[in-house]
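Hi everyone, and thanks for coming. Please have a look at the sequence and the structure, and then I'll walk you through them.

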Amino acid sequence: MSRAEQIHGLLSHIPGDDSFNLNDIECIWELGQKVPEGATVLEIGSRFGRSACSWALAIKNSTVYTMDVHDNREKIREYAKKIGLEGRVIPLWGNSFKYPWIKDVDIVFIDGDHDYNAVMLDLKKYYPLIKTLICGHDYFHPEFPDVKKAVDEFFFNRKQRRNIWHAWKAQPLVVCGIPRTGTTIVANVLKSHPEINMTVENLLVFRLVQFVQKFKMEHPLVESAHGIRVPSIGEFERIKHHLLNSFRDALINIYEARKYKYYGDKFPNILFTLHYFDMLLPNVKYIVTKKADFEYCLRSCLTQPWSERFNITRGSYKDRWDRGMALIDKIKDQKNVYILDHDLFCKEPKAEMDKVAKFLGIGNKFDVSRVIRE
Ligand SMILES: C[S@@+](CC[C@H](N)C(=O)[O-])C[C@H]1O[C@@H](n2cnc3c(N)ncnc32)[C@H](O)[C@@H]1O
């Protein structure tokens with residue numbers, strides 16, 4: 001018996017019609033396996049908690065808030081308790097359009113009012129607030145064509161294949177490298193992809209750097225550009241929380257993010273703090289540009305007066321370069337870091353971008369025509 005079938009059996013005592021069926025439970029189970037343990041879910045439209053309990057059973061140690069305009073709180077508590085979910089399914093009574101936001105919700109599941117305007121209201125209110133995933137029921141339900149209409153419109157006709165539609169929050173992507181190693185050109189090629197957008201340079205990452213710098217004053221976690229003291233668990237959680245929040249705030253300010261799978265930024269000097277960010281922001285992907293021709297790089301850098309002014313690390317350019325290269329060596333095997341070889345990129349841009357596409361889990365639809373051959 002599959003896990004979804006087991007859950008279906010467990011839910012048999014909870015009233016509800018057949019419209020929430022085994023396929024839906026399977027879908028919730030699959031989505032649940034892709035989010036971290038302990039996630040917080042908010043469900044809009046819970047009736048007696050069938051789907052809410054499915055979420056709680058699909059994600060280990062999760063907390064599920066249910067919300068309904070009808071006051072079924074007592075019943076929901078009772079049904080959840082019967083299957084060992086006491087305290088993990090927390091019923092709320094209210095209207096999703098008016099209810100105050102519950103901080104730090106990872107996932108919102110929409111199954112409330114199925115009219116076009118209502119679905120749109122829920123999407124507009126909740127998409128900017130969630131951390132990870134927004135999804136909902138009845139995308140293909142013949143009686144509720146408005147659900148599909150609203151979801152398609154809101155997500156720019158992204159393909160939906162199942163009755164439970166879903167959209168992940170755009171994933172952060174950072175292009176970084178030592179200055180003069182082709183970060184601009186790489187960011188431009190990435191931006192040509194229909195599933196990627198890059199912000200104006202430094203918009204997102206600058207906030208992170210500001211934060212790290214501020215934090216560094218209170219807690220000398222980054223003792224030198226590449227010497228990192230391992231923080232205690234409490235410190236780590238605190239920093240992680242702040243960093244994730246500032247990154248998310250920056251992302252949600254950009255309404256268009258919902259159109260893309262990746263939303264990215266470019267920040268050449270981040271290379272020196274990459275190790276640090278990587279420890280704190282595990283779901284961010286990095287593309288690091290590497291240029292083997294150091295002489296060329298140094299020369300071109302020295303002829304650019306701006307590069308001297310743009311200096312967040314102490315030490316000479318040569319020092320920075322050496323440290324950068326040492327760091328590239330250190331991080332090259334990390335799963336969320338792709339080291340793009342600048343020379344290969346210039347000679348064989350299509351082949352190199354093929355590998356980048358694989359790394360990002362998207363098709364190679366990059367326009368590499370703007371790559372300049374040096
Ligand atoms: C299709 S049922 C939900 C079924 C439920 N997910 C289950 O697993 O059994 C829709 C529910 O949404 C509730 N509802 C409708 N509009 C709402 C709103 N604006 N806010 C909260 N709940 C709402 C209704 O009272 C109803 O119980």
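First, some ground rules. What you see is a predicted model, where local features need pLDDT of at least 70, side-chain atom pairs count only at pLDDT 80 or more, and totals for chains, interfaces and linings use all residues. Residues are numbered from 1 along each chain as its sequence is written.

Now the overview. The chain has 15 helices and 11 strands. Helices here are DSSP runs of H or I with at least four residues, strands are runs of E with at least two, and both are numbered from the N terminus. Of the 374 residues, 37% are buried. Buried has a cut-off: 20 or more other C-beta atoms lie within 10 Å of the residue's own, while 12 or fewer makes a residue exposed, anything in between is partly exposed, and the C-beta atoms are placed from the backbone. I'll also talk about contacts, or touching, which requires C-beta atoms, placed from the backbone, within 7 Å of each other. Among contacts in the chain with a separation of 6 or more, 73% join residues 24 or more positions apart.

On to the cores. In soluble globular proteins, nonpolar side chains tend to be buried together. By a nonpolar core I mean a set of buried Ala, Val, Leu, Ile, Met, Phe, Trp, Tyr and Cys residues joined through C-beta atoms within 7 Å. Which residues touch the most other members of the largest core? Out of its 44 residues, they are Ile28, Cys53, Trp55, Ala56, Val89 and Val108. Helix H3, residues 50-58, gives this core its largest share, with 6 residues. Take Cys53: leaving out residues up to four places away in sequence, Cys53 touches Leu11, Ile14, Ala80, Ile83, Leu85 and Val89. There is also a second, separate core of 25 residues, and Val175, Ala257, Leu340 and Phe345 are among them.

Next, helix pairs. Two packed helices are described by the angle between their axes and the distance between the axes. The axes are lines fitted to C-alpha atoms, for helices over the stretch in contact, and the angles run from 0 to 180 degrees between N-to-C directions. Helix H1, residues 3-10, and helix H2, residues 22-33, have axes that come within 9 Å and cross at roughly 120°. H1 and H2 are therefore oblique to each other. To place that word: under 35 degrees is roughly parallel, over 145 roughly antiparallel, 65 to 115 roughly perpendicular, and the rest oblique. On the H1 side the contact uses Arg3, Ala4, Glu5, Ile7 and His8, and on the H2 side Leu22, Ile25, Glu26 and Trp29.

The other pair is H5, residues 116-126, and H6, residues 145-154, packed at an angle of about 40° with axes 8 Å apart. H5 and H6 are therefore oblique too, and H5 passes H6 in a right-handed crossing. Here Tyr116, Val119, Met120 and Leu123 of H5 meet Asp146, Val147, Lys149, Ala150, Val151 and Phe154 of H6.

Finally, some single residues. Leu42 sits in strand S1, residues 40-44. Is Leu42 buried or exposed? Leu42 is buried, because 27 other C-beta atoms lie within 10 Å. Not counting residues up to four places away in sequence, Leu42 touches Tyr65, Met67, Ile102, Val105 and Val108.

Compare two loop residues. Val284, between helix H10 and strand S10, is buried, with 23 other C-beta atoms within 10 Å. Glu86, in the loop between helix H4 and strand S3, counts as exposed, with 11 C-beta neighbours inside 10 Å.

One last pair concerns the backbone. Most residues other than glycine have a negative phi. Arg47, in the loop between S1 and H3, has a positive phi near 45°. Phe156, in the loop between H6 and strand S6, also has a positive phi, near 50°. Arg47 is buried, with 21 other C-beta atoms within 10 Å, whereas Phe156 counts as exposed, with 11 C-beta neighbours inside 10 Å.

Note on methods:
Contact = placed C-beta atoms within 7 Å. Left-handed = near helix turned anticlockwise from the far one by under 90°.
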